[in-house]
Amino acid sequence: MANDVEIWDHMTKDHARIIGFLEGLRVSFGKEPSVIRQAFERFRWTLEKHFFTEERAIFTFLKQEDETGGMINDILREHSEILGMLDALGKDIDDERHIDITGLSDLLVRHSQFEEKVLYPRLDRELSAEHKRFILGRITSIVE
Ligand SMILES: [Fe+2]
Ligand SMILES: [Fe+2]
């Protein structure tokens, strides 16, 4: 019963949705500005909600110890960096400037892969079933 709840499953599914919306944004380039803006807002909404979930439903409830603490600081720094890129991208879209999402896309993929390969498995492995159930309850109240 110890592994009946998994943080990895929920958050990895959400990563796939975010990357899918980023692809949707990529294919919108060259179309009507309203189509691009709509694709951008969908991507931004899902990504910001995901970061909020990580920061307020997961990281808040971890003991900031050893490696996990350092790992989470790096992740939070990347969240800020990505949000900054998102702001810049929003301005480029509003001003109908040339758009390049390569940097954002690369960082986002790298960030997500680190969480999927290192962070989430570690949390699933190390947190007690009760602690995970509590965190999962917080996650699902935001994600679903
Ligand atoms: Fe993250
Ligand atoms: Fe994530």
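User: Read along the sequence, what pattern does the protein in this predicted model follow?
Analyst: This is a predicted model. The protein has 5 helices and 0 strands. Read along the sequence, the pattern is α-α-α-α-α.

User: What box do the C-alpha atoms fill, taken along the principal axes?
Analyst: The protein has 144 residues, and 19% of them count as buried. Along the principal axes, its C-alpha atoms fill a box of roughly 50 × 30 × 20 Å.

User: Of the contacts with a separation of 6 or more, what share comes from residues 24 or more positions apart?
Analyst: The count takes contacts in the protein with a separation of 6 or more. Among these, the share from residues 24 or more positions apart is 72%.

User: Are H1 and H2 roughly parallel or antiparallel to each other?
Analyst: H1 spans residues 7-28 and H2 spans residues 33-58. Their axes come within 8 Å and cross at roughly 160 degrees. Angles over 145 degrees count as roughly antiparallel. H1 and H2 are therefore roughly antiparallel.

User: How do the residues of the contact of H1 with H2 divide into nonpolar, polar and charged?
Analyst: H1 passes H2 in a left-handed crossing. The contact includes Phe 21, Leu 22 and Leu 25 of H1, with Ala 39, Phe 40 and Phe 43 among the residues of H2. By class, the residues divide into 12 nonpolar, 4 polar and 3 charged.

User: Is H1 roughly parallel or antiparallel to H4?
Analyst: The axes of H1 and H4 come within 9 Å. They cross at roughly 170 degrees. That angle makes H1 and H4 roughly antiparallel.

User: How many nonpolar, polar and charged residues does the contact of H1 with H4 have?
Analyst: In H1, the residues include Ile 7, Trp 8 and Met 11. In H4, they include Leu 108, Tyr 120 and Leu 123. By class, the contact of H1 with H4 has 8 nonpolar, 4 polar and 3 charged residues.

User: Which element gives the largest share of the largest nonpolar core?
Analyst: The largest nonpolar core has 11 residues, among them Ile 7, Met 11, Phe 59, Tyr 120 and Ile 139. The elements that give two or more residues to this core are H1, H2, H4 (102-126) and H5 (129-143). The largest share is 3 residues, and the element that gives it is H4.

User: Leaving aside neighbours within four places in sequence, which residues is Tyr 120 in contact with?
Analyst: Tyr 120 is one of the residues of the largest nonpolar core. Neighbours within four places in sequence are left aside here. The contacts of Tyr 120 are then Ile 7, Trp 8, Met 11, Thr 12 and Glu 115.

User: Is Phe 59 buried or exposed?
Analyst: Phe 59 lies in the loop between H2 and H3 (66-94). Not counting residues up to four places away in sequence, Phe 59 touches Glu 54 and Ile 72. A residue is buried if 20 or more other C-beta atoms lie within 10 Å of its own. Phe 59 has 21 other C-beta atoms within 10 Å, so Phe 59 is buried.

User: How far apart in space are Phe 59 and Asn 73, C-alpha to C-alpha?
Analyst: In sequence, Phe 59 and Asn 73 are 14 residues apart. In space, C-alpha to C-alpha, the distance between Phe 59 and Asn 73 is 9.9 Å.

User: What phi does Glu 96 have?
Analyst: Glu 96 is found in the loop between H3 and H4. Glu 96 is exposed, with 10 other C-beta atoms within 10 Å. Most residues other than glycine have a negative phi. Glu 96 is not a glycine, yet its phi is positive, about 55 degrees.

Definitions and conventions. Residues are numbered from 1 along each chain as its sequence is written. Chains are lettered from A and ligands numbered from 1 in the order in which they are written. This is a predicted model: local features need pLDDT of at least 70, side-chain atom pairs count only at pLDDT 80 or more; totals for chains, interfaces and linings use all residues. Axes are lines fitted to C-alpha atoms, for helices over the stretch in contact, and angles run from 0 to 180 degrees between N-to-C directions. Helices (H or I, at least four residues) and strands (E, at least two) are DSSP runs, numbered from the N terminus. Angles under 35 degrees count as roughly parallel, over 145 as roughly antiparallel, 65 to 115 as roughly perpendicular and the rest as oblique. A crossing is left-handed if the near helix is turned anticlockwise from the far one by less than a right angle, and right-handed if clockwise. Two residues are in contact if their C-beta atoms, placed from the backbone, lie within 7 Å. Ala, Val, Leu, Ile, Met, Phe, Trp, Tyr, Cys and Pro count as nonpolar, Asp, Glu, Lys and Arg as charged, and the others, Gly among them, as polar. A nonpolar core is a set of buried Ala, Val, Leu, Ile, Met, Phe, Trp, Tyr and Cys residues joined through C-beta atoms within 7 Å. A residue is buried if 20 or more other C-beta atoms lie within 10 Å of its own, exposed if 12 or fewer, and partly exposed in between; C-beta atoms are placed from the backbone.
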